[in-house]
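Please look at the sequence and the model shown here.

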Amino acid sequence: MCVAWGRGETVLRLRIVRLGLAGRVKHVVRFRIIPFGSIRFGGIRMETHGSSLDLEEDEFLDAFERSVIGAREFPHTAHLRIAWPYVQRHGPEEAGERAARGIRSLAGSHGHPAPYHDTLTRAWVRIVAAAASMSPASEFNAFVAGHPELLDKDLPLRHYSRERL
């Protein structure tokens, strides 16, 4: 059995090929659209390739809210990418609630509820909200380019000790 990956517009397509004698294609399972993140195939967990950060904003939020983004597909930049539209659409308070709920759900779906840190999640939403209030940017990449300090994961430590957080 061979697993071949192809790139779709916003999702990956998985093709399973069984080879017969002499390497000839014996059977091809039709393409299945799968989300970025993890999938199970025959009891084996596989991480999909590509980056969830390549998704359009609404698709990224949808994948986040459904907890289908792979654990490795949720770096610091993805946390910012969640906070940005939530702040724009719902304001800092509701953005904090939505981000907290989604990150807890995502961590739990990967069997890692411990990494979630409520204080840091809400602090980052507030930091993004403060930067957004001073930014003319209308899309995420421009927003981050105008506020490169947001890419520093230790930014809250400039103001608070680890113990305090």
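What covers the buried residues of helix 1 includes helix 2. Buried means under 20% relative accessible area, with over 50% counted as exposed and anything in between as partly exposed (1.4 Å probe, protein chains only). Helices are DSSP runs of H or I with at least four residues, numbered from the N terminus. The model is predicted: local features need pLDDT of at least 70, side-chain atom pairs count only at pLDDT 80 or more, and totals for chains, interfaces and linings use all residues. Residues are numbered from 1 along each chain as its sequence is written, and side-chain values use heavy atoms, with hydrogens and water left out.

In helix 1 the buried residues are F60, L61, A63 and F64. They lie on the same side of helix 1, because they cover an arc of only 165 degrees around its axis; the arc is that of the directions from the helix axis to the C-beta atoms. Just after helix 1, S67 has a positive phi of about 55 degrees.

The axes of helix 1 and helix 2 come within 9 Å and cross at roughly 35 degrees. Such axes are lines fitted to C-alpha atoms, for helices over the stretch in contact, and angles run from 0 to 180 degrees between N-to-C directions. Contact means heavy atoms within 4.5 Å. Helix 1 takes part through residues including F60, L61 and F64, and helix 2 through residues including I82, W84 and L106.

Helix 3 has 16 residues and reaches 23 Å from its first C-alpha to its last, close to the 22 Å expected at 1.5 Å a residue; the expected span is 1.5 Å times one less than the number of residues. Its buried residues are T121, W124, V125, V128, A129, A131 and A132. These too cover an arc of only 165 degrees, which puts them on the same side of helix 3. They pack against helix 2 and helix 4.

Which residues have the most contacts inside the largest nonpolar core? They are F64, F74, I82 and F143, in a core of 32 residues. A nonpolar core is a set of buried Ala, Val, Leu, Ile, Met, Phe, Trp, Tyr and Cys residues joined through side-chain atoms within 4.5 Å. Helix 1 (57–65), helix 2 (76–109), helix 3 (118–133) and helix 4 (140–146) each supply at least two residues of this core, and helix 2 gives the most, with 12 residues.
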